[in-house]
Amino acid sequence: MNDKAPSGMTLISLTGSALLSQCIHVVARLGVADHLAESAKTCDELAKLTGCQPKPLSRIMRALVKFGLFMVEDGQKFSLGPLGARLQTEHPRSLRHFCMLNGAEYYQAYGALVHTANTGQSGLRHVYGTSLYEHMERNPETARVYDLAMDEISRDAAVDLASSYDYEGVQTVVDVGGGSGVVVRAILRAHPQLRGLCVDRQDVCERAVKTIAASRDAELLERLNFVAGDFFEELPRGDLYIVKNVLHNWNDASCVRILETVRRALDGGALLVVEHLVEDDEPSLDRLMNAVLQMAICEDETDARDEARMRAIMQEAGFTVPRMGQLGTGHYWFEGRPA
Ligand SMILES: C[S@@+](CC[C@H](N)C(=O)[O-])C[C@H]1O[C@@H](n2cnc3c(N)ncnc32)[C@H](O)[C@@H]1O
């Protein structure tokens, strides 16, 4: 036997990571971290507060102690570890809703990965019989969680983009498929002279306006309008069209159609596509797993892209790509100008 061969335990532990994902999902969904914000609590107390059973909750939380989500005090009480703190709803860097989404609809789609491997088709469509967006139209709670999850994972890139791109000469920024406007809000906060339009599906726009009106961003609504629309059909006029974390949901043909809609609306301004890419040489584990995720949950035939593929899509839609750059979050931005 080769002593250097990795132990079978490594494989057993890797295949068990599905259970870890579910443990995180459970505590995120139950709002355990919110209940621990003020003080450490026993599992009996937490179970009462969240309406679940103490024994399974204790098992789940003890497992998560090993990953830094919780700490045990006096052998009985749980308190928040550094990662667990980020499951608090109001934590400025919360990832609670992303963990909820990843453990629910996304997780079901991962469960259909054999279907994706056999057919090249979306696992999510196989499970739910619809696209994610159609599914959310019928499931408002999932849609609410999704909007918040997108805010959580886009916050840092939005702030980075607001401070690193040159907005000289721009008057109106159009956030295409902007969700609750996490990107355009960060840009408007940093650039008081700008106005913004956020285009998304109707229910997303309605939720966003309500949420923002009740938040610290309420005053931004004087400069920011939400426009219910379909980016395959028509977009309102503006000077800078931001298409961030949108194209990775669609196959190449659909991406070209989305960008052609931008091209038709553009009147002398620019397009900014912002996405993660699969790097050519040594993709990180995150990027490789994200490429699998895209196949599992996105439109059929969607695949991760490298720089050449992204440029080709933009060119096919009628853009030249004079400049590109990278944000601190690892996202790449590609500036498109009408060819
Ligand atoms: C992955 S999210 C990205 C949200 C935001 N741009 C960000 O970076 O966080 C994709 C967004 O595209 C929107 N979307 C999907 N299909 C659309 C369509 N046909 N027209 C307009 N928006 C659409 C979704 O509702 C969702 O908000």
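Helix α2 (residues 17-30) packs against helix α5 (residues 54-65) at an angle of about 115°, and their axes lie 10 Å apart; the axes are lines fitted to C-alpha atoms over the stretch in contact, with angles running from 0 to 180 degrees between N-to-C directions. Helices here are DSSP runs (H or I, at least four residues), as strands are (E, at least two), numbered from the N terminus. The crossing of α2 and α5 is left-handed, meaning that the near helix is turned anticlockwise from the far one by less than a right angle. On the α2 side the contact (heavy atoms within 4.5 Å) is made by Leu20, Cys23, Ile24, Val26, Val27 and Leu30, and on the α5 side by Leu57, Ile60, Met61 and Leu64.

This is a predicted model, in which local features need pLDDT of at least 70 and side-chain atom pairs count only at pLDDT 80 or more, while totals for chains, interfaces and linings use all residues. Residues are numbered from 1 along each chain as its sequence is written, and side-chain values use heavy atoms, with hydrogens and water left out.

UniProt, in an unreviewed entry, places the feature "domain: O-methyltransferase C-terminal" at residues 122-319, although such annotations may be inferred rather than shown by experiment. Over residues 122-319 the chain is 48% helix and 14% strand, with the end C-alpha atoms 29 Å apart.

Among the polar contacts (pairs of N or O atoms within 3.5 Å), a polar backbone atom of Gly177 is 2.9 Å from a nitrogen atom of the ligand. Polar side-chain atoms of Asp200 and Lys244 each lie by an oxygen atom of the ligand, at 2.6 Å for Asp200 and at 2.7 Å for Lys244.

Methods:
A polar contact is a pair of N or O atoms within 3.5 Å; within protein, one must be able to donate a hydrogen and the other to accept it, and residues adjacent in sequence count only if both atoms are side-chain atoms.
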